[in-house]
Amino acid sequence: MDVTRSSFTHFISDTVVPLLTRGPVTYRSVYATAVEGDAEAAAKAIPVGDTQARMLLLAGSDDQMWDSAAMAEAIRAARPEGTAVRVFDGAGHVWGGGPVIDAGDMRINVGGTVEANAQVAEKGSALILEQLEAWHGTGY
């Protein structure tokens with residue numbers, strides 16, 4: 001992501017001000033506006049339509065790092081066969097824990113709630129194992 005293509009307003013309000021005030025930095029709007037502002041964004045996308053791999057994409061509807069739910073759906077739209085998407089309602093970017101993580105000198109807003117993120121931690125791992133078994137059988 002090239003942040004120079006993001007909205008200056010979002011960059012200041014969502015990253016610089018929180019860094020100065022020890023508030024949580026939020027990257028989602030900076031990322032979104034950087035992609036929107038990049039005329040070459042489509043050319044930079046990973047060409048998933050050509051892959052033969054099966055994909056299981058898990059996302060949280062309240063991911064504050066980037067819009068993982070929309071990106072997962074875009075990947076499935078580009079290659080629907082063999083692509084499974086599960087969006088966990090109210091969950092953030094990190095499985096388990098709260099909506100803000102302490103990363104040393106900064107705090108990062110990863111989104112979600114303690115409850116929704118805990119649900120992903122519990123159900124996400126089981127979903128991965130179930131999907132692997134469905135695709136590969138037992139003993140993968």
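**Figure 1. Contacts and overall build of the predicted model.** Among contacts between residues at least 6 apart in sequence, 64% join residues at least 24 apart. The model shown here and in the views that follow is predicted. The protein contains 5 helices and 5 strands, and along the sequence these elements follow the pattern α-β-α-α-β-α-β-β-β-α. The C-alpha trace spans about 50 × 35 × 25 Å along its principal axes. Of the 140 residues in the protein, 29% are buried. The protein exposes about 8300 Å², and carbon and sulfur atoms supply 57% of this area.

**Figure 2. The largest pocket and its lining.** The space in the largest pocket amounts to about 660 Å³. Its lining consists of 21 residues, and those nearest the centre of the pocket are Tyr 31, Lys 44, Ala 45, Ile 46 and Met 71. Several elements contribute to this lining: at least two residues each come from helix 2 (28–36), helix 3 (41–44), strand 2 (55–60) and helix 4 (68–78). Helix 4 supplies the largest share, with 6 residues. Sorted by class, the lining holds 17 nonpolar, 1 polar and 3 charged residues.

**Figure 3. The largest nonpolar core.** Five side chains are to be located in this view: the core has 5 residues, namely Phe 88, Ala 91, Ala 116, Val 120 and Leu 127. Helix 5 (residues 114–136) gives the most to this core, with 3 residues. Which residues does Phe 88 touch, not counting residues up to four places away in sequence? With that exclusion, Phe 88 touches Leu 58, Ala 59, Gly 60, Ser 61, Val 120, Lys 123, Gly 124 and Leu 127.

Figure 4. Val 120 is found in helix 5. Is Val 120 buried or exposed? Its relative accessible area is 4%, and therefore Val 120 is buried, the cut-off for this class being under 20%. Leaving aside residues up to four places away in sequence, Val 120 touches Phe 88, Ala 91, Trp 95 and Ser 125. Trp 135 lies 15 residues from Val 120 in sequence, and the two C-alpha atoms are 21 Å apart in space.

**Figure 5. Ala 78 in helix 4.** Ala 78 lies in helix 4, the element with the largest share of the pocket lining. Ala 78 counts as partly exposed because its relative accessibility is 46%, and this class lies between the cut-offs of 20% and 50%. When residues up to four places away in sequence are not counted, Ala 78 touches Val 48 and Gly 49. A further reference point is Thr 21: Ala 78 and Thr 21 are 57 residues apart in sequence, with 41 Å between their C-alpha atoms.

**Figure 6. Ser 7, in the segment before helix 1.** Ser 7 is found in the segment that precedes helix 1 (8–21). How is Ser 7 classed at 21% relative accessibility? At this value Ser 7 counts as partly exposed, since buried residues must be under 20%. Ser 7 and Ser 61 are separated by 54 residues in sequence and by 22 Å in space, C-alpha to C-alpha.

**Figure 7. Arg 22, in the loop between helix 1 and strand 1.** Arg 22 occupies the loop that joins helix 1 to strand 1 (24–25). Although Arg 22 is not a glycine, its phi is positive, at about 65°. Most residues other than glycine have a negative phi. With a relative accessibility of 40%, Arg 22 counts as partly exposed.

**Figure 8. Asp 105, in the loop between strand 4 and strand 5.** The loop containing Asp 105 lies between strand 4 (100–102) and strand 5 (107–109). Asp 105 counts as exposed because its relative accessibility is 78%, and exposed residues are those over 50%. Along the chain, Asp 105 and Leu 127 are 22 residues apart, and their C-alpha atoms are separated by 34 Å.

Methods. Residues numbered from 1 in each chain as written. Predicted model: local features only at pLDDT ≥ 70, side-chain atom pairs only at ≥ 80, totals over all residues. Heavy atoms only, no water. 1 Å grid on protein atoms, 1.4 Å probe; cavity = no way out; pocket = protein on both sides within 12 Å on 5 of 7 lines; lining within 4 Å. Points joined across faces, edges and corners; volume = space filled by probe spheres on them. Helix = DSSP H or I, 4+ residues; strand = E, 2+ residues; numbered from the N terminus. Nonpolar A, V, L, I, M, F, W, Y, C, P; charged D, E, K, R; others polar. Core = buried A, V, L, I, M, F, W, Y, C linked by side-chain atoms within 4.5 Å. Buried < 20%, exposed > 50% of the residue type's maximum accessible area, 1.4 Å probe, protein only. Contact = heavy atoms within 4.5 Å. Areas by Shrake-Rupley, 256 points an atom, 1.4 Å probe, with all protein chains shown as cover.
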